[in-house]
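Please follow this account with the sequence and the structure side by side.

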Amino acid sequence: MADKTRITIVGGGVGGYPAAIRAARMGAEVTLIEKDALGGTCLNWGCIPTKALLQSAGVIRTMKESDIFGVKCKGYEVDFGAVMARKNTVVAQLTRGVGALLKAKKVKVIQGTATFVDAKTLQIRETGEKVQGDAVLIASGSVPGRIPIEGIDGPDVMDSNQVLAMKALPKSVVVIGGGVIGVEFAQFLVAMGTEVTILEMLPGLVPGVDREIASLLQKQMSAAGVKVVTGAAVKGIVHRKTENVVTYTVGDKTETASAEKVILTVGRKPDFSLLDVDRVGIRHERGAIVVNEFMETSVPGIWAAGDVVGGIMLAHLASAEGECAVRNILGHREAMNYRAVPSCIYTMPEVASVGLTEEKAKERGEIQVGRFPLRGNGKALVLNETEGLVKVISDRKHGEVLGVHIIGPHATDMIAEAVLGMTMEMTAEDLANAIHPHPTVSEAIMEAAMVIAGGAIHMP
């Protein structure tokens, strides 16, 4: 036991607990400190609970469309309490599972708030207990972001954590922020029967997503009943007895939107506020801990991973960074590779992408774009979900795939094929020549690649 490397990990979310398990598998003695619930944001206030809620919304959609499939379904009733209870059950099952995995690997878990004493010692604020190790991995995650506007601290303004703890379904909401979190909440709530207005400051929803794909999603959101206002700069919120009035400007016009509740979804910010990183000299810039390509901070022996280092805040990336960090702690020399990081939105239809958008790829040189609409895909027609598209973007000179973007059913599962391919530096021809199972929606990826590599079969 004495020869084992002792690693202290701060944060039991998806940046921390997979790193703890990986480190234990590699022979380290691991202590994990978590101030709240194991699983962190992903399992408790993010990925898992929101997808559980969207699944309930999907059931409603299936019932509404049942006539198309020859099944008559006379009405339905939403039991919001039961919807939230199911979400809680799913979350609880998974967090218990994380605890069991850590226990099985003999990871010591301490419930409490960690703060640095020195570069190798952390103290638990609640108990005074000190934890020493050979290396520290900071994976303390993030908290919901806020914007400095009048009325933002009012009683009816909720962040994403508070939305997931709602006891009653609001009749109407204004969602400030049309990013991933905002569109997922909007689609869940509109399916439940809530009137939803999204106010997005930028010209389109889901900034950063390929513009063509984002435009299709915005069209689908509007068709589902969500009122979308883009280019809307929110100026303030006035709280009245029965409603909240959000004032915003579009160009030189001042407008208002009223609702029972206001949901603030303007992203998240790294959270290391309680660690006292300045005591040990850890460099941080613009609210995030600075790390090198090996996930090491400016202080030798202290590493960081996940949302706390800023950049792309995605659960699967946090896990990859955490595991990369512990491999380096334990003597490997492995740089973090950000070339093929998938991004997913679990709306209906789903959106998923990896690599460069068409806009970004054009900035780098000459490209080819293969598009295949899902109306030409047999499985999509069977599912009655033909409003979608696959785009494959490749370098014109060598044919290397630079990006894949999907909007349609099962997009978030299908993107894994493109992630693997891009990790292996595949060309569009490689993708087009790979035999895909039939009938599947994934054939649309092959067909989009075929557009570049000689022409799709199921397009005129």
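Contact here means that heavy atoms lie within 4.5 Å of each other, and the packing described below should be read in that sense. The model is predicted, and the values that follow are computed from it.

Which residues of helix 7 are buried? They are Ile213, Ala214, Leu217, Gln220 and Met221. Because these residues cover an arc of only 120° around the axis, they sit on the same side of helix 7.

The buried residues of helix 7 pack against several elements, namely helix 6 (180-192) and strand 11 (195-200), together with strand 21 (343-345), strand 22 (350-355), strand 24 (389-395) and strand 25 (401-408). The two ends of the helix can also be described. At its start, a side-chain oxygen of Asp210 comes to within 3.2 Å of the backbone nitrogen of Glu212, while Gly225, which follows helix 7, has a positive phi, near 110°.

From the helix we turn to a sheet. Three strands form an open sheet in the order 4-5-6, and their pairing is antiparallel. Its edge strands are strand 4 (114-118) and strand 6 (130-132), each of which pairs on one side only, and the twist from one strand to the next averages 35°. In general, the strands of a sheet pair through backbone hydrogen bonds, either parallel or antiparallel. Here strand 5 (residues 121-124) is joined to strand 6 by 3 bridges, the two running antiparallel, and Thr121 stands opposite Gln132 in strand 6.

The last stop is Asp156, which is found in the loop between strand 8 (142-144) and strand 9 (157-158). With which residues does the side chain of Asp156 make polar contacts at 3.2 Å? One partner is the side chain of Asn244, at 3.2 Å, and another is the side chain of Lys261, also at 3.2 Å. When residues up to four places away in sequence are not counted, Asp156 touches His239, Asn244, Glu260, Lys261 and Val262, a list that includes both of these polar partners.

Definitions and conventions. Residues numbered from 1 in each chain as written. Predicted model: local features only at pLDDT ≥ 70, side-chain atom pairs only at ≥ 80, totals over all residues. Heavy atoms only, no water. Buried < 20%, exposed > 50% of the residue type's maximum accessible area, 1.4 Å probe, protein only. Helix = DSSP H or I, 4+ residues; strand = E, 2+ residues; numbered from the N terminus. Arc of directions from axis to C-beta. Polar contact = N/O pair within 3.5 Å; in protein donor to acceptor, adjacent residues only side chain to side chain. Pairing = 2+ DSSP bridges. Axes fitted to C-alpha atoms, helices over the stretch in contact; angles between N-to-C directions.
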